[in-house]
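Q: I would like to go through this model with you. Shall we begin with the ligand and then turn to the rest?
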Amino acid sequence: GHKFWSTQPVPQLGEAPPEADGPIEPSKPASEVRQDPYPLPKEFTWSFLDINDTAELRELYELLSANYVEDDDESFRFQYSAEFLSWALKPPGYHKEWHVGVRVSSSRKLVAFISAVPVQIRVRDHVLNVSEVNYLCVHKKLRSKRLAPVLIKEVTRQCNLKGVFQALYTAGVVIPTPVSSAQYYHRCINIPKLVDVRFTSVPSTMTLARMIRLHKLSEKPRLLDQGLREMEERDVPQVVDLFERYMKRFSMVPIYNEADVAHQFLSGRGEGPRGSDSWKTPRDGQVVWTYVVENPKTNKITDYVSFYSLPSTIMRSTKHNLLNAAYLYYYATEVAFEDGAEASGRLKKRLEELITDALVIADRAKFDVMNALTLMDNVPFLQDLKFGQGDGILNFYLYNWRTAPLAGLRATSDTP
Ligand code: YNC
Ligand code: MG
């Protein structure tokens, strides 16, 4: 049984789908929310982390680098950079009270963390102000002591105090109850290194040389002559509009205004050259890459594609310490709104061009692999672009919101 999750306002495993979407528990005024922090074992104290303080951000980076998510065979562990954490934890409207740390009272050592950031989402036809909960981490030496439920209850209290009663979160583990699940796919780029560190292996029917040749990417993006360039500040209004229209295709999506789009796609880009050639020279500390296609005649943004950098520590190799992984993020194209015969074939072809260019840019920027999930419109192009299925699964969860399961987060086919 789930001693903790059975007490929470989440659908329990095996529960029948609801007749109508809605909250499981009602919201309440801040005055009726518990006013005191939840008690911790006596050697620990609560401590909000100040992500604007370099030293505290560093402490979080150190905690996660050594104790955060690993793959099933303990070969790789996420190594979120300080720049990444700063980007992820400070979107527009963030609250410092939602960056919840636990310290050893005597030494002040940071030993656990959980965070939430505000986001507006649409789930089917309901718009919800939720918190997105992430970076739940307990130091390896303090595992299985039921600290995680205390962290979750405390971040819930902090969200409730700010009037937020629903949350969105993802996890590799299955707990009550996923609203959707997606599988990880991997597009190998740097074959020799990926073989060396046993991220992949050479199939018995192939040589290393042939495998390298099969995965070779072009020197430059194909859509350059159609107006592909790095996204800029002035593109924000058009990208907001395209994002909103494209995301209507899916059943659970964020709703972004201009400030959100500027944050998600432009902030955290690091120092270095900007402009049409910027894909040739990656910048130090860059977290997110966003490219748009601007029609040279109409100056209309017809497409965008983005990915972010999330390296992993390689735990079992003597040759390499870091796996440089790019994660496919949001994209959109006007081709999705064309109709008539062959519309879905044209969409697939356009997405293949767009994502191939993302791969070319990722290759230039020295990424070893690009990861993608089976969500949005990814499934039709994954195989053709040589993404291979991984063993990771990502489960999506909603807290205090009932809705029937969503299939691959697609709007068009809502049955699992
Ligand atoms: C997990 N990932 O089932 P039951 S993902 C949620 N998410 O409860 P203990 C989890 N719950 O089954 P440990 C969970 N993992 O008895 C475990 N649990 O009811 C549940 N790993 O607690 C588990 N980061 O403290 C069980 O376990 C209870 O010491 C056991 O700590 C767990 O960030 C953990 O994978 C994950 O650092 C902290 O293993 C630890 O093992 C660890 O005895 C490596 O806990 C890093 C890792 C998780 C990444 C993530 C999303 C978290 C979402 C949390 C739920 C948010 C709900 C919404 C709150 C806001 C509401 C509003 C408004
Ligand atoms: Mg524990």
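Q: Which residues come nearest to ligand 1?
A: In this predicted model, the residues that come nearest to ligand 1 are His-2, Phe-4, Leu-136, Ala-148 and Cys-159, out of 35 residues around the ligand.

Q: And which helices and strands supply at least two residues of that shell?
A: Helix H3 (147-161) does so, as do strand E5 (126-138) and strand E6 (166-171).

Q: How do the residues of the shell divide into nonpolar, polar and charged?
A: The shell around ligand 1 has 24 nonpolar residues, seven polar ones and four charged ones.

Q: Turning to domains, what does the assignment give for the protein chain?
A: The assignment gives domain 1 as 5-170 and domain 2 as 181-399. Their C-alpha centres lie 28 Å apart.

Q: How many residues does the contact take from each domain?
A: Domain 1 contributes 29 residues to the contact and domain 2 contributes 31 residues. On the side of domain 1 that touches domain 2, at least two residues each come from strand E2 (76-78), helix H2 (82-89), strand E4 (110-123) and E6. That side of domain 1 divides into 16 nonpolar, six polar and seven charged residues.

Q: What about confidence: what is the mean pLDDT of the chain?
A: The mean pLDDT is 95, with 96% of the residues at 70 or more. Residues 409-416, however, have a pLDDT below 50, and this stretch has 18 contacts in the model beyond near neighbours in sequence. Where pLDDT is low, predicted coordinates should not be read in detail.

Q: And what ipTM does the predictor give the complex?
A: The ipTM is 1.00, and the pTM is 0.96.

Conventions. Residues are numbered from 1 along each chain as its sequence is written. Chains are lettered from A and ligands numbered from 1 in the order in which they are written. This is a predicted model: local features need pLDDT of at least 70, side-chain atom pairs count only at pLDDT 80 or more; totals for chains, interfaces and linings use all residues. A residue is near a molecule or strand if its C-beta atom, placed from the backbone, lies within 6 Å of it. Helices (H or I, at least four residues) and strands (E, at least two) are DSSP runs, numbered from the N terminus. Ala, Val, Leu, Ile, Met, Phe, Trp, Tyr, Cys and Pro count as nonpolar, Asp, Glu, Lys and Arg as charged, and the others, Gly among them, as polar. pLDDT is the predictor's confidence in each residue, from 0 to 100. Two residues are in contact if their C-beta atoms, placed from the backbone, lie within 7 Å. Domain bounds come from an automatic or database domain assignment.
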